[in-house]
Amino acid sequence: MQKFIPSVLVAAISMSLTACIKSEKQDEKVEINKNPYPSTYQVLPQQTTIIRNATVLTGTGERIDNADVLMINGKISQVGKNIAAQSAAVIDANGKWVTPGIIDVHSHLGVYPSPSAESHSDGNEATQPNTSEVWAEHSVWPQDPGFNRAREGGITTLQILPGSANLFGGRGVTLRNVPSQTMQGMKFPDAPYGLKMACGENPKRVYGTKKVSPATRMGNMAGYRMAWAEATEYKRAWDKYEADYAAGKNPEAPARDIELDTLKGVLDGEIKIHNHCYKAEEMAMMIDLSKEFGYHAGTFHHAIEAYKIADKLAENGNCAAMWPDWWGFKMEAYDMIQENVAVVSSKANSCAIVHSDSATTIQRLNQEAGKVMYRANENGFDIKPKDAITWITANAAKSLGIDDKTGTLESGKNADVVIWNSNPFSVYAQAEQVFVDGAKVYDRFDENYQAVSDFSLGQQ
Amino acid sequence: MKLFKSSLLMVALTSAASVYADSVAITNATVHTMTEQGVLKNATVVFDDGVISAINPDTVEADTSIDAQGKILTPGFIGAMNQLGLVEVSAVSSTRDSGEKKADITFDASVAFNPKSTVIPYTRKGGITANITVPRGGDGMFKGQAFLADLSGDFDSIRETNVAVIVDLGAKRKGSRAMEIQKLRYKLQDAQEKLDTAKDSNKDEKQPKRDEQVIRTLLAGEKPLIAYVDRATDILALLAIKQDFALDLVIAGAGDAVSVANEIADAGVPVIMGAINNLPSFDALHRSLTSASKLFDAGVNVAYSVSGDTHNLYMLRFDAGISVANGVKKEDALKAVTVNIADAFNIDAGRVAVGKKADLVLWSGDPFELSTHVEKMWVDGVEKTTKSRQDALRERYTAETNMPRAYVK
């Protein structure tokens, strides 16, 4: 009897093992919804339109005089001379200039809106050095009157970023500059997310003064490396889950981590890095950091010292987003030169961008680019308007990963178009009409196309 | 001969405070005089030892003659309401001398002015030859005394100290704006009563305290009170105080001045504003890019200041240009950065006229255009370069070299 028992037990165990392999079903696969707040953007009423006889800067490095731009079904149909277009609405733009819609890669509209108010200060979750879990889109107040002011300056697309107190500030979001009651109504369909990172003085100051790491630049680097190491493990766990599941096993999904989801998104190549980083030596280290952990370092914002490493940026395919002339507000902004954008732009395979980071200068990004062009030309460069326009159109689109959709006046692209009353690089230039996806969203001479924020409405 | 030259050089170096300036004639210029003379075409301006000695003289006698080839000559532009010379790097506390917790109405920061600040040659790129530097003061509403400095970069840059009293009113982070307006009124009232009593009793009064002395200069109309304020009701409250105490009042900031433009014009009060500030605050719901033109139209003397960081002061001319694009007449915009700012602070500057300091700028084109640069500029009759540290950095990093760039100088 006693002898018998073990063999029964063995039989029972072997039976249950067989049953397990043969008949246990896989659990439902754990999928992470990567787009839980999808765009609900709708193109505004639009019609087939031809803009005639303008000086056209295409954003592809070309200038065409006395040219026409034809917009059909919200797309650029043709750009050139004497385009035939029956039944199109005609805009006579003789003496005027036409460019692609202006794109600002660095804005805090909606998250630091006007009027400035404690209860609307939603741009920086400055509570710990890594807040990759926050998404700027969850802070956007679409009624910020600044969106309207920016549209009047020809801004058709803009990236809203979290602030720079943290090593990882969270996700940025790319918006169409159209009025809407909801953030989703502005969200640029299918634009990739960005991850805001910040080098240098800000994180070390914000946390250092709290006696929390990072307190130094080496602390900054340590913080990045530890986060990417953790993200690498997280990605490995998910990749293993995916592979095991695909192999027919029934693995347990890793615990979901909203913070690491974002970093994993970068490692997977789905989320672009937008790195507040002023100084040459720090940008170089951020490039090495990206190589250490296998992602691309993306765009350096406020890259005051980009001119010192312009070759390196071009070789590594980094965009640099710069101001023409902001400086002196902190040590890392001390070595500004007014030709920074032009020096970066002079290298083959470069990606030079003019950005605003300002609710005021976003209204005149064209003039910000103009300042660089003229100062550079006074100092030995030969930059034409057809080149300078790319700093606020095509290159900006490339930085945001939407260059297949906007940023140039090429057939098939979204009809994001600005008609200027004169050379847009004049201090007197005004955007007269602005189109997003072929729909007129602003007209300087027609109140029907001048949006007013709910906030401003009815104020005495 | 060689010896002679070097000894002359010695003299020049040792007496840098009073550099001998050659006489210079600028011929064939389009001169915006900012006086009743208006714009003079093909004009000649002569200056000697730092002072304009002749305009369109019958015969030109000067050590140096410069053909302007029809280009525009203006008075040097004047910056205001910033911390030029008091702050080198904003976030570096050891380079900031513009404020002090306990600084009060007597605070004069001019002793701290650094003429060797890198911000000064950079600012000259904007055609700015003089600046009203305004301290940030301390916790109280009076921020201290403004001073006038030129942008020569010389150790004797300060031209005039204590040119205005600065008071900051309007929206408060804590408490009520009403308290500050009330305190200002009481301070003036108390000082006035003390004066009246002293007069009535015919007795020698005790030497008034330093802050009382400053208040008395305001009551005597000897210097302006520059009040930072935006909301229309605050502006009206200040106009009433001006009326009651016969103050020389200037409104700065002035976000919602458009709402009470006529009242400001009737009171003869100048306004110093950022020409491109158009985003709303609760104190300035109505400001827009057309605010400046509406104020000019109402008859207000408008002057411009660049808002934000002092390092951006050079942009003053661009802001003026943007105001022109939004309805301001070009000549009015020019006034806003020359005579109107000078007159708001009662300083002798901002005009091209015989007897005035030779603070002049010759422009490559329209002074407001982005494409224009300063061709030549003179501060107190001495030609000044617009080259700055930024140019040296650019040249270093665009030079051809096989050596580390640290060797490129």
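Predicted model: local features only at pLDDT ≥ 70, side-chain atom pairs only at ≥ 80, totals over all residues.
Let me begin with chain A, which contains 11 helices and 16 strands, where helices (H or I, at least four residues) and strands (E, at least two) are DSSP runs numbered from the N terminus. Residues are numbered from 1 along each chain as its sequence is written, chains are lettered from A and ligands numbered from 1 in the order in which they are written, and side-chain values use heavy atoms, with hydrogens and water left out.

Staying with chain A as a whole, its C-alpha trace spans about 105 × 55 × 50 Å along the principal axes. Chain A has 460 residues, and 58% of them count as buried; here buried means under 20% relative accessible area, exposed means over 50%, and partly exposed is in between, with a 1.4 Å probe and protein chains only.

Now to the backbone of chain A. Most residues other than glycine have a negative phi, and most peptide bonds are trans. Against that background, please look at A:Ser114 and A:Pro115, which are joined by a cis peptide bond with omega about -5°, and note that A:Pro115 sits in the loop between strand 6 (102-107) and helix 2 (145-152) of chain A. Another cis peptide bond links A:Ser213 to A:Pro214, with omega about 5°, and A:Pro214 belongs to the loop between helix 3 (201-208) and helix 4 (217-246) of chain A.

Positive phi values deserve a moment too. A:Asp190, a residue other than glycine, has a positive phi near 65°; you will find A:Asp190 in the loop between strand 8 (168-176) and strand 9 (194-198) of chain A, where it is exposed, with a relative accessible area of 69%. In chain B, B:Asn42 has a positive phi of about 45° although it is not a glycine, and the place of B:Asn42 is in strand 2 (residues 39-48) of chain B. B:Asn42 also counts as exposed, at 59% relative accessibility.

Which parts of chain A does the pair of A:Arg217 and A:Glu332 tie together? The closest N and O atoms of A:Arg217 and A:Glu332 are 3.1 Å apart, and because A:Arg217 lies in helix 4 while A:Glu332 lies in the loop between strand 12 (319-322) and helix 8 (340-345), the pair ties together parts of chain A that are 115 residues apart in sequence. A:Arg217 is partly exposed at 29% relative accessibility, whereas A:Glu332 is buried at 1%.

A:Arg375 is buried, with a relative accessible area of 6%, and A:Glu378 is partly exposed, with 32%.

In chain B, B:Glu375 forms a salt bridge with B:Lys71, with the closest N and O atoms 3.1 Å apart. This pair links distant parts of the chain, since B:Glu375 is in strand 15 (residues 374-379) and B:Lys71 is in the loop between strand 4 (64-67) and strand 5 (72-75) of chain B, 304 residues apart. Salt bridges that share partners also join A:Lys279, A:Glu281, A:Glu305, A:Lys308, A:Asp335 and B:Arg389 into one network.

I will finish with the strands of chain B, where two strands pair if DSSP finds at least two bridges between them. Strand 8 (residues 142-150) and strand 9 (residues 158-168) of chain B pair in the antiparallel sense over 6 bridges, and B:Leu148 has B:Glu160 in strand 9 as its bridge partner. Strand 9 of chain B is also joined by 4 bridges to strand 10 (residues 225-229) of chain B, and these two run parallel; there, the bridge partner of B:Val167 is B:Ala227 in strand 10.

How values were computed: Salt bridge = Lys/Arg side-chain N within 4 Å of Asp/Glu carboxyl O.
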